[in-house]
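Please find below my notes on the model. They are set out as numbered points.

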Amino acid sequence: MKTRNYGIDFLRMISMIMIVMLHTLGHGGILRSVSFLSVHYQIAWLLEVIAFGAVNTYAMISGFVSVDSHFKISNILILWLQVLFYGILINTVFFFLLPESRNTSGWIQALFPVTRKEYWYFTAYAGVFFLSPFINQMFRNLSEKQIKTLFCFTLVVFSVVPTIYLLGACIKKLNLVSHSKKKKYFILYFFCILITWSSKILVEKFPISGFTLDSSFLIHYTSPFIVLAAISLLLIFGSMNFSESVKKMIMLISPLSFGVYLLHDHPLVRSYVMTERFAFITNGSVSKMLLFFFGIILAIFVVGCCVDAVRSKLFQLLHIRKSLSKLDRYFDV
């Protein structure tokens, strides 16, 4: 019998909080408003580096939990309806509250979120989802040695979501999660963060005459240190144990995490609510900046979870999952 890994569910929540951090720093204008190489600047970029691997982590989680799961078409349809729900809800709210935001393309994006790429991560995930039964079948036929080779190869050559999914699947099949090695995973994570952050600060503080190097050369999704940091997080949280009360809390909040993304990163919310709205927090002391920053992150996450809790209840009342699950028998891959 399969036992649920609550640490992975908890990591899904943490990854979403990290994604909100990225968007608050970037879309919110914080990174653009801090004075170059000031203490505020260095701390803001440290937060950016800490959160940067969140997208990779989220994709790895998908591979980790799906590699031994049975393909269900209802899963992607429920996610699609969730995306559709937020698209229609947000466009309707802005239609009445902010007339200048009205445009036909917004409604087209809401109705066709994948083809119009309204949410890039969902668009990427949708493609991986339909490949997942074939990927999972491949893993069932691979030897442990072949999986190790695939794991190493994927670390070297990959393109974000599709192959990051493979890394998560490899970690699961190779049983790399180990409670006894948790301390080593922590050390690896902090080492990757330190190397990535310090590389940017050092390049900017000590430029070499006649030599041009992008100070953010290690801060991208395919950076080996960003990927290793994401892997470390998966191994750290995958090895965690929780009390029964904490497990209940995790199972209450974790399913709502995706709704936080759909709400705060909708194009209208991003443009009219997020963009350049949080630059003001860099005007005070570092402690005030951090207090405001994490307060904003918590507020966005809590509001997103509350909205998605209402959406989830509505879906339950309409028996959405039960109705869509009837389609699974016709798509048995």
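1. Leu89, Val93, Phe95, Phe96 and Leu97 make a nonpolar surface patch of about 480 Å². Patches are made of residues with over 30% relative accessible area and no salt bridge, with nonpolar side chains (Val, Leu, Ile, Met, Phe, Trp, Tyr) joined within 5 Å and like charges within 9 Å. Accessible areas come from the Shrake-Rupley method with a 1.4 Å probe, and for residues only the protein chains shown count as cover. One of the patch residues, Phe95, is found in helix α5 (residues 73-97). Helices here are DSSP runs (H or I, at least four residues), numbered from the N terminus. Phe95 has a relative accessible area of 31% and is therefore partly exposed; buried means under 20%, exposed over 50%, and partly exposed in between (1.4 Å probe, protein chains only).

2. This is a predicted model, in which local features need pLDDT of at least 70 and side-chain atom pairs count only at pLDDT 80 or more, while totals for chains, interfaces and linings use all residues. Residues are numbered from 1 along each chain as its sequence is written, and side-chain values use heavy atoms, with hydrogens and water left out. The mean pLDDT (the predictor's confidence in each residue, from 0 to 100) is 88 for the protein, and 92% of its residues reach 70 or more. Confidence is highest in helix α15 (residues 286-317), at a mean of 97, and lowest in helix α6 (residues 104-111), at 65.

3. Salt bridges come next. Side chains of opposite charge can pair when their charged atoms come close. The rule applied is a side-chain nitrogen of Lys or Arg within 4 Å of a carboxyl oxygen of Asp or Glu, and the count comes to ten salt bridges. One of them joins Asp68 and Lys172, with the closest N and O atoms 3.7 Å apart. Asp68 lies in the loop between α4 (54-66) and α5, and Lys172 in helix α9 (residues 161-173), so the pair ties together parts that are 104 residues apart in sequence. Asp68 is partly exposed at 31% relative accessible area, and Lys172 is partly exposed at 26%.

4. The closest N and O atoms are 2.8 Å apart for Asp9 and Arg4, and 3.1 Å apart for Arg12 and Asp9. Arg12 and Asp9 both lie in helix α1 (residues 6-26), three residues apart, about one turn of the helix. Both of these residues are buried; for Asp9 the relative accessibility is 5%.

5. Beyond four places in sequence, Glu204 is in contact (heavy atoms within 4.5 Å) with Phe36, Leu37, Tyr41 and Ser215.

6. His264 is found in helix α13 (residues 257-264) and is buried, with a relative accessible area of 4%. The side chains of His264 and His23 are joined by a polar contact of 2.7 Å. A polar atom of the His264 side chain also lies 2.8 Å from the backbone oxygen of Val260. Leaving aside neighbours within four places in sequence, His264 touches residues including Ile19, Val20, Met274 and Ile300.

Note on methods:
Helices (H or I, at least four residues) and strands (E, at least two) are DSSP runs, numbered from the N terminus. A polar contact is a pair of N or O atoms within 3.5 Å; within protein, one must be able to donate a hydrogen and the other to accept it, and residues adjacent in sequence count only if both atoms are side-chain atoms.
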